[in-house]
Amino acid sequence: MEKFCPECLQKQKFKKIKDEIIHEVKNESFTNEIKKIICEKCGEEIIEDEEFDKSLLMAFNKYREKYNLLFPSKIKSIRKKYDLSQRDFADIIGCSVATINRYENGALQDNVHDHLIRLIDNPENMDAIIKKNKDKIKTKTIKKMKKKLSELIKESKKSKLKSTYIEFLQDFEERFTGFKKFNIEKMANVIVFFTGEIPNLPKSKLLKLIWYSEFVNFKRTSLSICGTPFQHYKYGPVPLRFKHLLAIIEEDLNAITHEEIFHPYMGEVFKANIEFDKSLFSEEEIETLNLVYNQFKDYTASEICARSHDEKGYRETNHEDLIPYDYADAISI
Ligand SMILES: [Zn+2]
């Protein structure tokens with residue numbers, strides 16, 4: 001390769017070599033391998049700018065790893081999570097827009113900024129910081145953030161709701177879960193199956209259809225479909241903590257929508273938002289769902305409730321008792 005040599009002051013032949021370079025980052029040394037070119041005539045070594053910059057960023061990243069600092073991509077993704085411009089993000093942090101721009105492009109961040117950015121990754125902390133720095137932030141940004149934050153905070157509460165529910169259901173004896181671990185995806189799809197087949201499905205009918213599906217499948221195969229525990233409730237058997245369950249499937253998984261109706265009766269009805277995912281189920285389970293659907297498609301909510309009250313598993317348990325799957329054998333389907 002021919003290049004101008006600043007030592008010989010004329011064009012010379014250069015060859016590529018590999019060498020080591022030491023970067024000082026905040027009084028610490030980091031050694032990297034680096035590509036150089038060397039003048040074949042005088043031995044002058046040159047590191048090209050691009051190579052040097054790459055190596056420096058690598059040294060910064062080694063420092064970040066060692067001291068557990070945020071990486072540039074993470075800083076950017078925190079800002080993007082709130083749909084903020086670099087300018088607005090800088091106002092919230094209390095630094096210049098150039099600083100944020102440098103951080104996102106690899107410059108090593110100040111420890112105080114690192115700590116602050118890490119904190120505001122949590123929407124509740126972001127909310128607190130905005131309130132504290134409100135004089136330094138544009139009113140328009142504060143308004144926009146208020147909306148965004150309430151969405152994000154709601155979102156994080158929902159996912160907490162889901163994990164507490166699933167965790168709660170992991171601890172039940174197998175005779176109450178039909179020898180399966182509770183599976184929320186499958187449960188959502190059982191609900192989508194029935195809400196898809198039956199328009200404006202009333203809540204009390206839906207809860208009974210879930211019970212019959214799980215118990216009929218257990219009767220046929222000695223396993224439930226989703227591992228749901230059921231409880232003796234005043235209108236019949238219902239999935240344990242069913243309000244919690246329906247809220248997760250509606251709000252968190254967005255699989256169904258509920259509506260309050262006043263005619264011909266007062267109550268909640270459900271509609272499916274997504275397509276039923278058949279691939280989650282075995283052939284036998286699909287058969288069970290169809291069996292239960294065909295049996296009850298024309299029943300009103302009160303008819304299916306009355307029928308469930310006659311089942312042995314309901315008759316022989318008391319209010320709020322768990323209903324063991326042992327009773328599945330006696331089910332009237
Ligand atoms: Zn030279």
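Among the elements of the protein chain, helix H7 (residues 139–169) comes out with the lowest mean pLDDT, 88, while helix H12 (residues 283–296) has the highest, 98; pLDDT is the predictor's confidence in each residue, from 0 to 100, and helices (H or I, at least four residues) and strands (E, at least two) are DSSP runs, numbered from the N terminus. This is a predicted model, where local features need pLDDT of at least 70 and side-chain atom pairs count only at pLDDT 80 or more, though totals for chains, interfaces and linings use all residues. Residue numbers start from 1 along each chain as its sequence is written. The average pLDDT of the protein chain is 94, and 100% of the residues score at least 70.

The chain splits into domain 1 (2–67), domain 2 (72–158) and domain 3 (170–330), with bounds from an automatic or database domain assignment. The centres of domain 1 and domain 2, taken over C-alpha atoms, sit 36 Å apart.

Leu-201, in strand S5 (residues 201–202), counts as buried because it has 22 C-beta neighbours inside 10 Å; the cut-off is 20 or more other C-beta atoms within 10 Å, with C-beta atoms placed from the backbone. Leaving out residues up to four places away in sequence, Leu-201 touches Phe-194, Thr-195, Leu-206, Val-269 and Phe-270, contact meaning C-beta atoms within 7 Å.

Key. Buried ≥ 20, exposed ≤ 12 C-beta atoms within 10 Å, placed from the backbone. Contact = placed C-beta atoms within 7 Å.
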